[in-house]
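Reader: I have a new model open on my screen. Could you help me learn how to read it?

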Amino acid sequence: MPVRIGELLLKEKRITPEQLQEALNYQKTSGGKLGFNLVKLGFVRDDEITALLSKQYGVPSINLGQFEIDPSVIKLVPAETAHKYQIVPLSRAGATLTIAMTDPTNVFAMDDIKFMTGYNVEPVVASETAVLEALQKYYGTGKAAVAGGGPSSANTLEMATRALEELPLVDSGDVEVLEELEEISVEALARQGEEAPVVRLVNVLLMSAIQKGASDIHVEPYEKELRVRFRIDGILYNIMNPPMKFRDALTSRVKIMAKLDIAEKRLPQDGRIKIRFTDNGAAKEIDFRVSCLPTLFGEKIVMRLLDKDKLMLDMTKLGFESESLVRYEAAIQRPWGMVLVTGPTGSGKTNTLYSSIARLNTPETNIMTAEDPVEFNIAGVNQVQVRESIGLNFAAALRSFLRQDPNIILVGEIRDFETAEIAVKAALTGHLVLSTLHTNDAPSTVNRLMNMGIEPFLVASSVNLICAQRLVRRICSACKEPAPLPPPALVNAGFNADEAASVRPMKGAGCGQCNQTGYRGRVGLYEVMEITDDLRELVLVGASGLELRRKAIEDGMITLRQSGLRKVKDGVTTVEEVVRETVK
C-alpha cells in the first residue's frame, strides 16, 4: 500500500493538522509530492521525513550526498525510469541491486526495476531533495513522475508494465500484431493507459522475452497466485507475479491475439501470434506459437518464440563433432533412405532438420514437408501444415506427397504405425525421408520402430542413419574462467584416467552479459549412428538396443555423453550441464 506521509507526520506530532491542510492546498496549486511541499513550506525537514520512513518501515536510510556512485551501476536503470519513480541505483552486489528511493512502499517501482534489470532489488530511504539532486547529477534533466502516492487499484498493472518503454529493442519503433486490426506501438501503449492495462502487460511480456533471449513464455495460474516464467537457455526463471484479478483478462487477451476461441475454457487450443517491431531501425518479425491448456485453477498458456534470425542453418555451427558431421552429411546426400533425428521436446531437432533441408535445397530438387506446426517458412520448400481436426494428419499428407513427384520428404514426427509404414515405403521407393522420433538415444530408435509394428527387414533396409541430440548451455565467453575438478570427479563423469589428468574444465563466473548465470546460449550434443551392414544384420535378427549400442560404438559412434565430454574438454560447456542432460 502506498505510504501516507501526512498521516505519519501527524501521528508522530511532527506537524499540526493546520499545517497539513495548508500543505495539501499548496500541493493542489503547485503540484509535486506532499512531503516535498511540507519541506518547501518549512513545516518539516528532509531528514525528519527520511528518519520517520526508515523507522516506520524498517528500511535503512542514507545521506545520498555522501555517495559517489559507479557509472556502471547508473547505467543499469534508464534515466526515464529513474526520474519516473524518483529512484537512484546505488550499488550492485552479486544479483542484488540497491536503490535509494523516497517511498520505500512503492513495490511497483521495485517490481518494474527487477523486471527490467533481472536483479533482486533492495531499497534504502533517501530524502526527496537528495534524490532529485542525485538524479540531476547522474542523469541530467528528465521528466520526473509527479504523484501524491502510489497507484490506485485501477492502474495496478500500468506501473508494473511501463518497463516496455525502456526496452532497448523498441525504443524508436512500432510493434504491431500482424493480421489484427489494432496497432501496438510504444506510443499507442502510452495512450492506452488505464483503459487497457492487460493489453500493455501482454506486450511487455512478449517484448521482454525477445530482449532476454527466452525460448518460451509460461503463464501459470495457481490457487492464490499467477506466475509468469521465461525459459532462457533451457532453464525456467520466475519473472513476475501479476495480480490474480487479471488472470482471465490476460488469458483472453492472448487468445484473442492468437485467434483462439475465448469462450472455450475446457479444451486445449493451439494458435499463433505474429508481431513486427523495429530493432535498430530495421523492421523485424517474430512468431509466437501459443498453446492453451485447461488446468485446475485456469488455463495455462505457453508461448514458444520462433525467431527466424536465431535459426541456425549452418550445420558446422550446430555442435556436431567433425566425424559425426561427415557421417550425417553423407546420409542426407543419399538419393533414398531414411534419416531420423531423435530427442525430447526442446532438444533442437527442428533446427537440425531445417539445417539439413537448407543444405539440400536446390532448384533441381522438389522438397515436401508435413509439419505440426510449420515453425519457419523456408523459400523453395513446399511446406504443409498438418490439421488433425479435418483429417489432414501426417499419414494423409505423406500419401499426397507421393503423388507430387518429390525428391525429399520431411515428416515432422512419426507418431503411429500408419505414418511410419508410409515413410518406410517412401524411403524404399527412391525418396529421401527425414523425420523425428521421441526416443532417448539412437540405438533405441530401432526398437521403437519395431514396437510400432514395422517389420525388422523393412527397418534394416530403409534406415540410413539415426541422430540423437540434446542441448546444453554454453559457458559465457565474457566471464569464462578455469574451474579445476579433481580427477576422480572427471573419471566419474566419463573421462578416462589419462584425460582426467589433463582436462582443464571451465566455468562462467557470472557477469552482466549472462545475467550472473555463467551461461549464454546453447550448443548441441550429437549421437550419430550410421546403419552399417553389420548393424543391419543385428536389426534383422531382432537384436536388443544394448547390443546395437555396443556394436555402433565399436564402429566409431560418439555417444551423447562422449559428445558432451569433448565439449567440456574444449571449454564450451561444463561437466554439470553434460551430466544433467546425458547418461554414461
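Author: Gladly, beginning with a term: contact means heavy atoms within 4.5 Å. This is a predicted model, where local features need pLDDT of at least 70, side-chain atom pairs count only at pLDDT 80 or more, and totals for chains, interfaces and linings use all residues. Residues are numbered from 1 along each chain as its sequence is written, and side-chain values use heavy atoms, leaving out hydrogens and water.

Reader: Which residues does Met 529 touch?

Author: Not counting residues up to four places away in sequence, Met 529 touches Ala 442, Pro 443, Val 446, Leu 465, Ile 466, Leu 535, Ala 552 and Met 557.

Reader: How should I read a nonpolar core?

Author: In soluble globular proteins, nonpolar side chains tend to be buried together. A nonpolar core is a set of buried Ala, Val, Leu, Ile, Met, Phe, Trp, Tyr and Cys residues joined through side-chain atoms within 4.5 Å; buried means under 20% relative accessible area, exposed over 50%, and partly exposed in between (1.4 Å probe, protein chains only). Here the largest core has 44 residues, and Met 338 and Met 529 have the most contacts inside it. A second, separate core of 35 residues includes Val 204, Ala 214, Val 228 and Leu 305.

Reader: And backbone angles?

Author: Most residues other than glycine have a negative phi, and most peptide bonds are trans. In this model, phi of Asp 405 is near 55 degrees, a positive value, and Asp 405 is exposed, with a relative accessible area of 64%. For Gln 516, phi is near 65 degrees, and this residue is partly exposed at 26%.

Reader: Which residues does a cis peptide bond join?

Author: Asp 372 and Pro 373, with omega about 0 degrees.
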